[in-house]
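Here's a quick tour of a model, taking a pocket and a sheet in turn. Have the structure open as you read.

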Amino acid sequence: MRKTEIQLEEAVGLIVENIQPVADVETVSLSEAMGRIGARAVYSGTDNPPFARSPLDGYAFFSEDVKNASGKKPVKLQVVGTVFAGEWWNKKLGSNEAVRIMTGAAIPPGADCVVRQEDVILTEGNLEKPAYVEINRAMGAYENYCFQGEDLKKGDLLLEEGRYIGWVEMGILASAGICQVLVYRRPRIALYVTGDELCFPGQRLQPGKIYDSNYWLLSGRMKEMGYPPAIAGLLPDEPEVVAEELKKAVEKVDLVVTTGGVSVGAKDIFHQVLPLLGAKQIFWRVRMKPGTPAMFSLYQDIPMLHLSGNPFAAAVTFELMAVPAIERLTGDERLNRKRIRAVLASDFNKSGGRRFLRGCLKDGLVMLPSAGKHASGMLFSMAGCNCLVEIPPSKVPVTAGHLVDVILL
Ligand code: AMP
Ligand code: MG
């Protein structure tokens, strides 16, 4: 039975509405939190900095003491000690007293400003053991003074529920001393490539065989996103074998992605695999090139996305359909690809339906590979590309100078 093609947007809508976000949570240590999605809001239990501190190397004192200081009438302060970062000075400074202080050290009680080391005259002693310094200008209260909690305050919301924990969040959580985070479980995704012609790099190519690129291509993409496949395999064009494998896989995963076997050839096995499993086909065929025969099914409520085996088709449909599926599973908003408008710098010499091409975007101009290098079975010309270019349906070839939609990869 030949099903009618649906629009990509409808396909993505069906995928998303048939997927539930992973709801399981686990507590991980901060060292394992990078790349995870926070499952509960995290608030700070502390101020940062936890005490008022000096932003520079200099001398701390009470600004009142130098309110009349000038070049002509410098004020002399007695240096009563030195405080280094990590130390705590708990004596109160008296009037006309100063403490030599290093960047990051706590400002002693009684002091409310810090003068730069370069701006004082050391009149007695030396830097190792300063005895008296002269200040030759008035200073305001809290000059060169970092307030306790000026970065973040106890009770501040450090991480919202559902937020991706990236390197900045890691630094912020650590700055508040957070050592454990409740995160959502990672999605478990199975990735299968199918085709009797496929063999693995390292094997000797027999006549009629090719090296599989899709496992490496798509698992590479998944690793790059932070969601490597939990299960993967290369399966033959045998419906029973594939069905058997999928039966086991759905017990363990949240999403299955396959490539190959969805077109109309005699060995396009997914037309038999789904009935063998009793899986429900949600759609087959999407109005776009490449990757038209993309298929989506549900088996035991587990979503299965079956993509065309042509490597460029697999890449495009993975990007446009599997990535939104993973975004839905994880809530990871980073995965939402940026779309911009750019000017085509090359001609595309075909007209027809909606197409996605590989391209290289630079300074608002998008270059396409040379003619003849666009086929869905060709991957090599994608090297150096950084975007997908959307060519809308058109009766005439789209030429250089046209504004097009570009999806940044
Ligand atoms: P299919 O989607 O199974 O009809 O395959 C379409 C084309 O893509 C055929 O030329 C296949 O040999 C090729 N192909 C399928 N799977 C892969 C793969 N994993 N790696 C490279 N080429 C593939
Ligand atoms: Mg095949």
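## The pocket

Start with the largest pocket, which has 21 lining residues; nearest its centre are Thr194, Glu197, Gly260, Gly309 and Asn310. Bear in mind that this is a predicted model.

How big is the volume of the largest pocket? It comes to about 290 Å³. Sort the lining by class and you get eleven polar residues, along with five nonpolar and five charged ones.

Six of them make up an open sheet with mixed pairing, and their order is 14-11-15-18-17-16. Strand 14 (231-235) and strand 16 (280-284) sit at the edges, so to speak: each has pairing on one side only. Going from one strand to the next, the twist averages 15°.

Zoom in on one pair: strand 11 (residues 189-194) runs parallel to strand 14, and five bridges link the two. One spot to look at is Ala190, whose bridge partner in strand 14 is Ile231.

## Helices on the sheet

Which strands does helix 1 touch? Helix 1 (residues 8-17) packs on the sheet against strand 16, strand 17 (295-299) and strand 18 (302-307). The direction of helix 1 makes about 155° with that of strand 16.

Helix 3 (residues 214-225) packs on the sheet too, and its contacts are with strand 11, strand 14 and strand 15 (255-259). Here the angle between the directions of helix 3 and strand 11 is about 160°.

How values were computed
Residues are numbered from 1 along each chain as its sequence is written. Chains are lettered from A and ligands numbered from 1 in the order in which they are written. This is a predicted model: local features need pLDDT of at least 70, side-chain atom pairs count only at pLDDT 80 or more; totals for chains, interfaces and linings use all residues. Side-chain values use heavy atoms; hydrogens and water are left out. On a 1 Å grid over the protein atoms alone, a cavity is a set of points where a 1.4 Å probe fits but cannot get out, and a pocket is an open set with protein on both sides within 12 Å along at least five of seven lines; lining residues have an atom within 4 Å of a point. Grid points are joined across faces, edges and corners, and a volume is the space filled by probe spheres set on the points. Ala, Val, Leu, Ile, Met, Phe, Trp, Tyr, Cys and Pro count as nonpolar, Asp, Glu, Lys and Arg as charged, and the others, Gly among them, as polar. Two strands pair if DSSP finds at least two bridges between them. Helices (H or I, at least four residues) and strands (E, at least two) are DSSP runs, numbered from the N terminus. Axes are lines fitted to C-alpha atoms, for helices over the stretch in contact, and angles run from 0 to 180 degrees between N-to-C directions. Contact means heavy atoms within 4.5 Å.
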